[in-house]
Amino acid sequence: QVQLVESGGRLVQAGGSLRLSCVASGLTFSRYSMGWFRQAPGKEREFVAAITSGGENTHYLDSVKGRFTISRDNAENTVYLQMNSLKPEDTAVYYCASDRVSGRLGIWTTPHEYKYWGQGTQVTVSS
């Protein structure tokens, strides 16, 4: 059973920082690209950031570039999302997800390219 468990979401004031974590089990973590997505009420799930299996390449949603950083620690089966300079529009449930195919070298930004998903963690940014 593949399981992805996010943590770290909470209420934070605008301008603050959070670090989200996602711990994976049940798959060979080091062989999969990982992504972060978010979903606000009434909106579709949107891509936030992704990282290739070895951490060699990353990609970000334009609105979070320079503020968010995705990283991973394959020894601990964990992917992180460091979020700085948070804005109210960052408020959403944040999900981590694993690439649907192992060993791919590229980065994909659409949800259908990811197979397994965590339960989500709520990030609320107050103004």
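**Strand pairing, cores and aromatic contacts in the predicted model**

Strand 7 and strand 8 are paired in the antiparallel sense over six bridges, where strands are DSSP runs of E of at least two residues, numbered from the N terminus, and two strands are taken to pair if DSSP finds at least two bridges between them. The description rests on a predicted model, in which local features need pLDDT of at least 70 and side-chain atom pairs count only at pLDDT 80 or more, while totals for chains, interfaces and linings use all residues. Residues are numbered from 1 along each chain as its sequence is written, and side-chain values use heavy atoms, with hydrogens and water left out.

Within the pairing of these two strands, Arg72 stands opposite Val79 in strand 8. Strand 7 and strand 8 form a hairpin with four residues between them, and Asn77 in the turn has a positive phi of about 55 degrees. Most residues other than glycine have a negative phi. Asn77, placed in the loop between strand 7 and strand 8, counts as partly exposed at 25% relative accessibility, on a scale in which buried means under 20% relative accessible area, exposed over 50% and partly exposed in between, with a 1.4 Å probe and protein chains only. A positive phi, near 50 degrees, is also found for Ser85, which lies in the loop between strand 8 and strand 9 and is partly exposed, with a relative accessible area of 41%.

Five bridges join strand 1 to strand 3 (residues 18–25) in antiparallel fashion, and in strand 3 the bridge partner of Leu4 is Ala24. Strand 3 is in turn joined to strand 8 by six bridges, again antiparallel, with Tyr80 in strand 8 as the bridge partner of Ser21. Five of the six residues of strand 8 are buried, so this strand is largely enclosed by the rest of the structure.

The largest nonpolar core has 29 residues, of which Trp36, Val79, Leu81, Met83 and Tyr94 touch the most other members; such a core is a set of buried Ala, Val, Leu, Ile, Met, Phe, Trp, Tyr and Cys residues joined through side-chain atoms within 4.5 Å. At least two residues of this core are supplied by each of strand 3, strand 4, strand 5 (46–51), strand 7, strand 8 (78–83), strand 9 and strand 11 (121–126), and strand 3 gives the most, with four residues. Apart from this core lies another, of five residues, among them Phe37, Ala50, Ala97 and Tyr114. When residues up to four places away in sequence are not counted, Leu81 touches residues including Leu18, Leu20, Trp36, Val48, Phe68, Ile70 and Tyr94, a contact being defined by heavy atoms within 4.5 Å.

A search of the whole structure finds four aromatic pairs, for which rings of Phe, Tyr and Trp (its six-membered ring) must have centres within 6.5 Å, with planes under 30 degrees apart counted as stacked, over 60 as edge-to-face and the rest as tilted. Phe37 and Tyr114 form an edge-to-face pair, with 5.2 Å from centre to centre and 75 degrees between the planes. Phe37 lies in strand 4 (residues 34–39) and Tyr114 in strand 10 (residues 114–117), so the pair ties together parts that are 77 residues apart in sequence. Phe37 counts as buried at 0% relative accessibility, and Tyr114 is buried with a relative accessible area of 5%. One aromatic cluster is formed by Phe37, Phe47, Tyr114 and Trp117. Arg45 lies over the face of Trp117, at 4.9 Å from the ring centre, the criterion being that NZ of Lys or CZ of Arg is within 6 Å of the ring centre and within 35 degrees of the ring normal.

Tyr114 is also among the contacts of Ser98, which, with neighbours within four places in sequence left aside, include Leu4, Leu27, Met34 and Tyr116 as well. Ser98 is placed in strand 9 (residues 92–99) and is buried, with a relative accessible area of 0%.
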